[in-house]
Amino acid sequence: LLLGRKVLCLSNMGDDITITFRQKLLLIDDNLGTEDVAALKFLCVDLIPFKKLESAQSALDIFQLLMAEEYLNEEDTFLLAELLYRIKCHFLLQKLNYTKERVQEYLPEKGRVSPYRQMLYELAENITSEMLKEIIFLLRDLLPKRQPIISALELLILMEKQGLLTESNVKMLEKICTSVSPDLLETINSYKREEDVICKLTSLNVLRTNYKHTGKKFEFHLIIGKPILGSAILLFFFFQTGEGAHFLNTFTTSLLFNTFIKTINFFPLSFLQKLTSYKMDGPKRGFCLVINNVKFDGDLGERRGSCKDAGELERVFTWLGLEVKIYKNQTSEEIKDLMEIWQDSKKHINSDCFICCILSHGDSGAIYGKDGELISIRTIMSYFTAKKCPALAEKPKLFFIQACQGKKIQCPVYVEVDAKVPELPSVQQRISPSESIPEEADFLLGMATIDGFASFRHVDQGTWYIQALCSKLQLLVPRGEDILSILTEVNEDVSRRSASSGKQMPQPAYTLRKKLIFPVPRDPPPS
């Protein structure tokens, strides 16, 4: 019946649309939730009259509006592909015969979502429910009281309606972000820098001139592709020498370079971003320690399935070029001893990075040794600060912790929790992952679960988190993704899984200063 209504809804889209195209739209609609539809509506605000968008209740309604405005048709589905890419529904791109990489390739030329709208959407994605409450409180005298606000996207739309926010004036947005969370300002500042550069580069057009010279000159040719509907600026540069040559639209060297250098300093080009990645081309990739606690003394239960995780970690990180060392069933003191041994800087000379994976039972901000004694994660990580391990200074240090961070949960027999089996007294207060990281740069801590909650382990297939981590590394490293993007995909993977007793959400925390991108291995992924 529902399918029949959807087909009826699409029947008015035009006789020239084939059944195959309709089926693609239906399949995409079936895979989009309420939040996805809200995101699509927000990203289309600059393309479709808002009154029409307000009446849209489903993705199909939005598709119909896009088709009515001639943004979407059977021959050109790129705008829809761009929208799905923007809301991170990459798995649906294949329905339109696109991939994530292909969309990225065409965005500079065909992208229609404006940088302003992209900035607002990214900002909304980073506004938590607590931040939203604070922002609404700050704006309570400027917003209509009759209209309840339940999401960051709705708040931004309302601010635009009230004239508090425009493409050329984001001062009010800056003010409230400064008050609520200064970290949000970076998204706004990045947008402002890009807009500033667009103005500067456009102004370069007035400097163009027909220039004829007779001496041997070093010349610089600049072609500026102005942004159209939010697409990126295209820059092409050609260096040339010659005698008596006549060139159109060229500059004298000094004038161009002075203007260009002042301008380019503000522009976030992708090739400049690559320069901000950690160096990962040294003689050695580095070491990866895997501490796999399976059996415990006393009341802690056996962690069946953990050896599956350890084996998978060994295969994947060996594939990535690291030398993997596995240690099984270590007491808390033995773990400390291991950290002291691997703290030795001589082991890390010429290494690109260091990785440590710990598989054990755990509690808030800590993991258990096989002797049932807790050792804090912060203590473990502190062995590798720049002061204590100079050879790893300014190099990325990654710690992946597969352990519960709270009380055990009742599970069916085929799923267990990585927590203590009986209730054991604990004097620890809850500790967030960010508090576990040493107060200096270049650390990343990947936790299997958020503080206070259990993480799940299949007795045959291993833990959700480690299996997702290994799977996503194999999938996304060959695509050139950085580690934080990969961990976001891990979060998505794990959050979609469920046991009869509950779900799980991993949580990364980091003080990385640059992107960490593993070089693509020559060999295919191990599994």
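I listed the contact (heavy atoms within 4.5 Å): H15 gives Lys 308, Asp 309, Glu 312, Leu 313, Val 316, Phe 317 and Trp 319, and H19 gives Ile 466, Gln 467, Leu 469, Cys 470, Leu 473 and Gln 474.

I noted that the model is predicted: local features need pLDDT of at least 70, side-chain atom pairs count only at pLDDT 80 or more, and totals for chains, interfaces and linings use all residues. Residues are numbered from 1 along each chain as its sequence is written, and side-chain values use heavy atoms, leaving out hydrogens and water.

Next I checked the cores, meaning sets of buried Ala, Val, Leu, Ile, Met, Phe, Trp, Tyr and Cys residues joined through side-chain atoms within 4.5 Å, with buried being under 20% relative accessible area (1.4 Å probe, protein chains only). The largest nonpolar core has 72 residues, and Leu 32, Phe 63, Leu 66, Leu 84, Ile 87, Met 159 and Leu 173 have the most contacts inside it. A second, separate core has 37 residues, including Met 280, Tyr 465, Val 477 and Ile 483. Beyond its neighbours within four places in sequence, I found Leu 32 in contact with residues including Leu 40, Ala 59 and Cys 89.

Terms used
Buried means under 20% relative accessible area, exposed over 50%, partly exposed in between (1.4 Å probe, protein chains only). Helices (H or I, at least four residues) and strands (E, at least two) are DSSP runs, numbered from the N terminus.
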